[in-house]
Amino acid sequence: MSVLGPGWTSLSYLVAAVCFILALKGLSSPRTARRGNAIGASGALVAVVTVFLSAKLENIPLILAAIAVGSAVAVPVARRVQMTQMPQLVALFNGVGGGAAALVAVLELGHSEDPWVRLAVVFTMLVGAVSFAGSAVTVGKLQELISTRPLLFPGMPAVMGVVVLGAAAAGGLVVVTGSGGWAVALLALGLVAGLLLVLPVGGADVPIVISLLNAFTGLAVAASGIVLGNVLLLVAGTLVGASGAILTKVMASAMGRGVTGIMFGAFRGGSTAGSTVQSDRPVRSSSAEDVAVQLGYAQRVVIVPGYGLAVAQGQHTIAELALALAARGVEVVFAIHPVAGRMPGHMNVLLAEANVPYESLKELEEANPEFPNTDIALIVGANDVVNPAAKSTPGAPIYGMPILEVALAGQVVFLKRSMRPGFAGIENELLFDPKTTLLFGDAKESLTRVLGAVKAL
Amino acid sequence: MIDPITLLTVVVLAVFVGFEVVSKVTSKLHTPLMSGANAIHGIILVGAIIVAGQADDPGLLTIALIAVVLATANLVGGFVVTDRMLEMFGSRKPARPGAGAGEDRT
């Protein structure tokens with residue numbers, strides 16, 4: 001049915017596009033973010049209703065059934081997923097979006113005569129397929145279904161080269177001939193390229209890859225807007241592509257690395273793997289009771305949570321510890337490095353889930369000037385983000401990465417699983433500093449013991 | 001087909017809006033940002049609906065319906081999960097004496 005004329009249709013799509021922009025804009029503050037998201041969702045609803053009212057559609061009952069199936073699968077998962085598993089879910093949704101874009105493009109190929117439109121079809125298929133396969137690998141790595149270490153086989157760069165050339169050739173043939181067979185070949189090559197792109201990426205760099213693949217899907221959707229002559233898809237996809245690109249860059253610079261270094265570092269044999277070499281230099285290790293005394297009688301404690309805390313699912317315990325200390329009159333804040341956790345900003349979500357008020361979450365720039373007035377910096381499951389080598393050792397892989405300057409605090413306490421260096425594979429001089437004490441063990445178990453001891457003080 | 005120059009104009013402006021809006025997002029909210037942007041590209045659902053509505057053979061229709069299912073999962077799931085995250089950020093009051101202490105929600 002075409003209830004809406006072209007003018008009203010375009011107007012509705014404009015409304016939807018504005019809603020999407022407002023949704024992103026709302027995220028500038030935690031206070032407006034939720035409303036922004038609701039506005040974005042309403043925009044999506046407007047757009048979907050509009051397409052039903054404006055386009056000449058067959059098969060409407062089947063389409064509605066498919067929408068019901070998609071919602072029935074996604075909503076319960078989205079409602080129930082644990083916050084620690086958020087990165088997997090985001091990657092998964094990203095992948096299926098990319099897959100959908102690729103399929104849409106394949107189906108539109110038969111309707112496209114113009115070579116430029118066919119080029120957009122090729123772009124959408126290729127990027128959508130890369131995003132789908134890449135996201136699948138990312139989910140596998142995050143869920144630890146496959147190794148989080150970089151996976152490489154001999155001759156991988158050569159294989160990648162062949163795949164890229166093959167995809168370019170198949171894409172060219174699709175543009176010239178419009179043949180469905182070549183389109184299928186292109187999709188297959190895109191899937192292989194997605195696998196080859198993400199398999200060599202190490203676990204610590206996965207957050208950046210999620211962000212990059214998100215941008216890819218955005219671009220695929222934008223290109224599908226050209227294929228379908230739909231301005232909303234073009235605008236929405238471009239917005240996501242631009243935001244994904246910025247976020248990827250922000251993340252990469254927060255890690256002191258270039259995006260290309262992360263994507264192709266493993267190909268060149270660069271270290272994203274992390275070292276397993278343990279140092280045998282002497283350190284001062286301590287007991288949970290001693291740490292509790294240190295914390296309980298301090299005036300100001302800054303907690304630096306890291307990846308290890310997320311892995312150990314210790315966010316609720318650390319929130320309780322913060323409350324217990326606050327009840328004793330200790331001022332407690334959390335200093336969050338931009339790459340703490342398993343995706344950008346992930347640590348903030350985990351701590352928000354554990355009811356830590358967001359006012360006590362300090363970003364790097366806010367936290368650093370406060371360390372000289374801090375009695376104790378408590379570092380839980382983090383290493384590279386506080387490693388002074390980022391400032392002092394020009395040859396170090398993390399050199400240039402902004403760090404939390406915990407060394408300026410009166411005393412430093414590390415809760416660490418072992419003496420293994422962080423992902424960057426470099427020793428942390430701070431561990432051997434006279435003012436540093438270490439408490440070894442799983443982050444959650446150590447925290448539980450410290451919490452018990454603080455309560456007993 | 002819309003005039004290519006018009007499309008280019010739209011793309012260029014959208015890129016600037018995207019950069020502008022996202023560079024103001026606080027790093028505390030980067031995860032919801034990613035998941036929200038993720039939900040927005042689920043709008044490919046509109047494209048999937050169009051191709052499904054035009055599919056005239058059962059094979060093509062099946063593929064199109066798969067695209068509809070995937071796109072819906074992306075769109076609906078994305079907004080729901082973003083809302084869940086933001087709910088945790090939004091409802092927090094600065095002073096919460098004792099709430100949540102002593103209980104482990106895991």
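1. A residue is counted here as buried if 20 or more other C-beta atoms lie within 10 Å of its own, the C-beta atoms being placed from the backbone. By that criterion strand β5 of chain A is mostly covered, since five of its six residues are buried. The model under discussion is a predicted one, and the points below should be read with that in mind.

2. The strand β5(A) belongs to an open sheet of six strands, whose order is β3-β2-β1-β4-β5-β6 in chain A and whose pairing is parallel. At the edges stand β3 (361-363) and β6 (436-440) of chain A, and because each has a single partner strand, one side of each is left without a neighbour in the sheet. Averaged over the sheet, and with direction ignored, neighbouring strands are turned by 25° against each other.

3. The pairing on either side of β5(A) can be followed residue by residue. Five bridges join β5 (residues 411-416) of chain A to β6(A), the two running parallel, and within this pairing Leu415(A) has Leu439(A) of β6(A) as its bridge partner.

4. Buried in α1(B) are Val11(B), Ala14(B), Val17(B), Gly18(B), Val21(B) and Val22(B). Seen down the helix axis, the buried residues of α1(B) fall within an arc of 135°, so they line one face of the helix. On the other side of α1(B), the exposed residues are Ile5(B), Leu8(B), Thr9(B), Val12(B), Leu13(B) and Phe16(B).

5. What covers the buried residues of α1(B)? The cover includes elements of both chains, namely α1 (6-26) and α9 (231-254) of chain A together with α2 (30-41) of chain B.

6. The contact between the chains involves 83 residues of chain B and 99 residues of chain A. On the side of chain B that touches chain A, the elements giving two or more residues are α1, α2, α3 (44-54) and α4 (58-90) of chain B, and the largest share, 30 residues, comes from α4(B). Sorted by class, this side of chain B has 53 nonpolar, 21 polar and nine charged residues.

Technical notes: Residues are numbered from 1 along each chain as its sequence is written. Chains are lettered from A and ligands numbered from 1 in the order in which they are written. This is a predicted model: local features need pLDDT of at least 70, side-chain atom pairs count only at pLDDT 80 or more; totals for chains, interfaces and linings use all residues. A residue is buried if 20 or more other C-beta atoms lie within 10 Å of its own, exposed if 12 or fewer, and partly exposed in between; C-beta atoms are placed from the backbone. Helices (H or I, at least four residues) and strands (E, at least two) are DSSP runs, numbered from the N terminus. The arc is that of the directions from the helix axis to the C-beta atoms. Two residues are in contact if their C-beta atoms, placed from the backbone, lie within 7 Å. Ala, Val, Leu, Ile, Met, Phe, Trp, Tyr, Cys and Pro count as nonpolar, Asp, Glu, Lys and Arg as charged, and the others, Gly among them, as polar. Two strands pair if DSSP finds at least two bridges between them. Axes are lines fitted to C-alpha atoms, for helices over the stretch in contact, and angles run from 0 to 180 degrees between N-to-C directions.
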